[in-house]
Amino acid sequence: MNLDIFTLFPEAFGWLTGQRPVRKAIERGSRIDLRDYRDWTPLKGGRVDDAPYGGGAGMVLRVDVVDAALNGVYGDGDRPRTVVLTPSGRLLDEPMVSELASEPRLALLSGRYEGFDQRVHDHLADDEISIGRYVLAGGELPAMVVADAIMRKLPGALGDPDSAVEESYSEALEGMPEYPHYTRPPDYRGWSVPEVLVSGDHARVREWRMEQSRRREGRR
Ligand code: ADE
């Protein structure tokens with residue numbers, strides 16, 4: 001995976017790139033490149049935004065600036081699948097993460113202020129993704145959420161590859177949330193671990209876990 005994250009705040013991504021699963025994926029040949037719109041802006045003084053036509057609060061990221069950044073990185077060649085982070089986009093879920101993780105290269109566009117000029121959505125982006133029905137101050141945290149979810153799917157990112165097989169919303173759990181986990185001690189202040197988990201009966205454990213997942217799914 002070759003991930004280009006376009007942002008006004010590349011320094012905000014230090015935490016993401018230092019994380020173990022991301023580091024491991026990078027050691028195995030994946031890339032995360034942070035692309036600062038300001039490095040390509042055709043406007044004076046590193047300007048990237050402007051007041052909205054028709055008036056109103058806030059500033060809007062300009063379409064010419066975003067296009068110049070994409071051109072700067074990809075030149076005249078093919079552009080990769082380009083995803084804009086926006087609160088009104090399609091809600092991110094596990095199937096979409098898997099789909100994005102299968103792309104060889106991906107561009108994530110994060111914005112600030114009042115968002116992007118609509119022409120970015122209409123002409124430069126292939127997908128619009130939201131990480132939830134609330135508004136954050138910018139697209140950096142959403143871009144990190146998407147990048148984290150994608151990178152941990154890549155081969156070698158997780159210490160134990162099995163941990164991604166049977167996790168919440170996976171095919172192994174039929175798209176349901178994961179069952180509860182317990183570890184030692186078996187009893188703490190009278191809060192005891194379900195008997196089935198210490199029974200050594202794998203078939204019963206499996207059955208119990210699926211039932212727990214179904215209950216959690218019912219509660220959602
Ligand atoms: N930018 C601001 N809020 C957002 C959200 N909830 N999802 C994606 N991008 C955003």
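How many aromatic pairs does the count come to? The count comes to three aromatic pairs. The model is predicted.

**Aromatic pairs**

- The ring centres of Phe6 and Tyr37 are 6.2 Å apart and the planes stand at 35°, so this pair is tilted.
- Phe6 belongs to strand S1 (residues 2-7), while Tyr37 sits in the loop between strand S2 (31-36) and strand S3 (49-50), so the pair ties together parts that are 31 residues apart in sequence.
- Phe6 counts as buried because its relative accessibility is 0%, and Tyr37 counts as buried because its relative accessibility is 0%.
- Phe6 also forms a tilted aromatic pair with Tyr74, at 6.2 Å centre to centre and 55° between the planes.
- This second pair links distant parts of the chain, with Phe6 in strand S1 and Tyr74 in helix H3 (residues 63-74), 68 residues apart.
- Both Phe6 and Tyr74 are buried.
- Phe6, Tyr37 and Tyr74 together make up one aromatic cluster.

**Ligand surroundings**

- The residues around the ligand include Leu85, Thr86 and Pro87.
- Also among them are Ile129, Ser130, Ile131, Gly132, Tyr134, Val135, Leu136, Gly138 and Pro142.
- By residue class, the shell around the ligand divides into eight nonpolar, four polar and no charged residues.
- A polar backbone atom of Thr86 is 3.2 Å from a nitrogen atom of the ligand.
- For Ile131, a backbone N or O atom lies 3.0 Å from a nitrogen atom of the ligand.
- For Leu136, a backbone N or O atom lies 3.0 Å from a nitrogen atom of the ligand.
- On its own the ligand has 260 Å² of accessible area, and the protein covers 96% of it.
- Strand S5 (81-91) and strand S7 (127-130) are the elements that give two or more residues to the shell around the ligand.
- Of the elements, S5 gives the most to this shell, with three residues.

**Salt bridges around Arg81**

- Glu99 and Arg81 meet through their side chains in a salt bridge, at 2.7 Å from N to O.
- That pair links distant parts of the chain, as Glu99 is in helix H4 (residues 94-101) and Arg81 in strand S5, 18 residues apart.
- Glu99 counts as partly exposed because its relative accessibility is 35%.
- Arg81 is buried because its relative accessible area is 16%, and the cut-off for buried is under 20%.
- Arg81 forms a salt bridge with Asp127 as well, where the closest N and O atoms are 2.8 Å apart.
- Arg81 lies in strand S5 and Asp127 in strand S7, so this bridge ties together parts that are 46 residues apart in sequence.
- Arg81 and Asp127 are both buried.

**Other salt bridges**

- The side chains of Asp117 and Arg119 form a salt bridge, with 2.7 Å from N to O.
- Which of these counts as buried at 17% relative accessibility? Asp117 does.
- Arg119 is partly exposed, because its relative accessible area is 42%.

Methods:
Residues numbered from 1 in each chain as written. Predicted model: local features only at pLDDT ≥ 70, side-chain atom pairs only at ≥ 80, totals over all residues. Heavy atoms only, no water. Phe/Tyr/Trp six-rings, centres within 6.5 Å; stacked < 30°, edge-to-face > 60°. Helix = DSSP H or I, 4+ residues; strand = E, 2+ residues; numbered from the N terminus. Buried < 20%, exposed > 50% of the residue type's maximum accessible area, 1.4 Å probe, protein only. Near = heavy atom within 4 Å. Polar contact = N/O pair within 3.5 Å; in protein donor to acceptor, adjacent residues only side chain to side chain. Areas by Shrake-Rupley, 256 points an atom, 1.4 Å probe, with all protein chains shown as cover. Nonpolar A, V, L, I, M, F, W, Y, C, P; charged D, E, K, R; others polar. Salt bridge = Lys/Arg side-chain N within 4 Å of Asp/Glu carboxyl O.
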